[in-house]
Amino acid sequence: MTMSMIEKARAAAPALAAADAPSAEQGRLTAEAVAALESTGVLRALQPARWGGGEAHLAEYAETVVEIGRASASAGWVASVVGVHPWQIALFPEETQKEIWGADPSRRIASSYTPTGKIEKVPGGYRVSGRWSFSSGSGICDGVILGGIAGRREVNGVEHPDFTSVILDAADYRIEQTWNVAGLRGTGSDDIVVDGVFVPEHRGQSHVYYTHGLGTPLPGQELNDGPLYRTPWAVTFNLIIAAGALGACLGFYDRWVAETRARRTNYGQSLREEPVVQHHLAEAAWQLDAAVLKVRRAAEELMEHAERREVPSLEQRAFWRWDVARSANAAVDTVQALMRVSSGRSAFVDHPLQTRFQDAMAAGGHAFLFGDPLAKAWGGRHLGAAKPAEVHL
């Protein structure tokens, strides 16, 4: 009987858990962790089937990321970020896909989208230079997607900053090991430095077509015509980041339950018998379950719109982004609430809860999970505000 991707993730959980501390120690996933990830299929889950990928449903992908994150928050985070890149590469021209996957369809690509470096439009392509941070999984990848503002672009009669992704090969950049952090230590989210590299035009794609021009046919959709490749970039990316954070939070929850079952007060009483502790557990379980269900619902609704070839409204996209980000925020809040009722010894860096706590806090700090602008982006549109908050939709 064929195992589902989620079942494979559960089967790989012991290996992922065993590799978590060594990955943190070396600042990137170990070979054992990478092998365990590859055994689940998650790193190629969103790659087109014609390239040997899973072309999976977004809901299955998100739930698999959550399961992996329960065992190892760093592995779950890399699974979410590196695993989503085949989805975006599938939207690029066929020439680009052949360059990336032709010799090795299992090739892994990292990313850093925040436009801290410079992407300049030049004849025949782009000139790329500067520094990009937080490139999760970069040390186990053979290429990177970088984001930047390449001038301005007009869509439907309106000009917008031309936020653009470009794909570079490993020889085009260097990795500076800057990842000295408290949480998600095994993700190896180091800096990418580029010194004036030329990138041909077919290796760049404007995000304006993912947002303001959503529904505009993209080169990759000609052959990759499944519904998966019609979902909006910003919402899809927000969803997978939320899934990565939820995995980290559920990993903390699992460890908290295990610790609390055996924990006694200073007076020798078993905490598992305390009604107030039982109440804290019940509240936490409810919040985390609700968060996972909301992320799954968003994934299913995204795919339903794509299957019907409907372009979701800006208000709908804003709600999805707000909903999944708020779900992740609620999960992080739950972790903090449980940590407050943990032993005072949990402050020690070698306490079993401390690493898991730091992982959840680090995951919750991702820019796409900052809820305030997302709440305003949806709330303003829902109320009919003349100038709702502008976010990537």
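Predicted model: local features only at pLDDT ≥ 70, side-chain atom pairs only at ≥ 80, totals over all residues.
1. The largest pocket. The largest pocket holds about 650 Å³ of space. Its lining comprises 27 residues, of which Thr114, Phe237, His366, Ala367 and Phe368 are the closest to the centre. Four elements each supply at least two lining residues: helix H4 (73–89), strand E1 (110–112), strand E3 (125–135) and helix H6 (233–262).

2. When the residues around the largest pocket are sorted by class, 15 are nonpolar, 11 are polar and one is charged.

3. The second largest pocket. For the second largest pocket the volume is about 390 Å³. It is lined by 17 residues, and those closest to its centre are Asp20, Ala24, Thr355, Arg356 and Asp359. Helix H1 (5–26) and helix H9 (352–364) are the elements that give two or more residues to this lining. The largest share, six residues, comes from H9.

4. Two of the residues closest to its centre are Asp20 and Arg356.

5. The four-stranded sheet. Four strands form an open sheet in the order E1-E4-E5-E8, and their pairing is mixed. E1 and strand E8 (204–206) are the edge strands; each has a single partner strand, so one side of each is left without a neighbour in the sheet. On average, neighbouring strands of this sheet are turned by 35 degrees against each other, direction ignored.

6. The E1 and E4 pairing. E1 pairs with strand E4 (residues 144–155) in the parallel sense, over three bridges. Serine 111 stands opposite isoleucine 145 of E4.

7. The H8 and H10 crossing. Helix H8 (residues 314–340) and helix H10 (residues 371–383) have axes that come within 8 Å and cross at roughly 145 degrees. The crossing is left-handed. On the H8 side the contact is made by Leu314, Glu315, Ala318, Phe319, Arg321, Trp322, Ala325 and Asn329. H10 contributes Gly371, Leu374, Ala375, Ala377, Trp378, Arg381 and His382. By class, the contact of H8 with H10 has nine nonpolar, three polar and three charged residues.

Definitions and conventions:
Residues numbered from 1 in each chain as written. Heavy atoms only, no water. 1 Å grid on protein atoms, 1.4 Å probe; cavity = no way out; pocket = protein on both sides within 12 Å on 5 of 7 lines; lining within 4 Å. Points joined across faces, edges and corners; volume = space filled by probe spheres on them. Nonpolar A, V, L, I, M, F, W, Y, C, P; charged D, E, K, R; others polar. Pairing = 2+ DSSP bridges. Axes fitted to C-alpha atoms, helices over the stretch in contact; angles between N-to-C directions. Left-handed = near helix turned anticlockwise from the far one by under 90°. Contact = heavy atoms within 4.5 Å.
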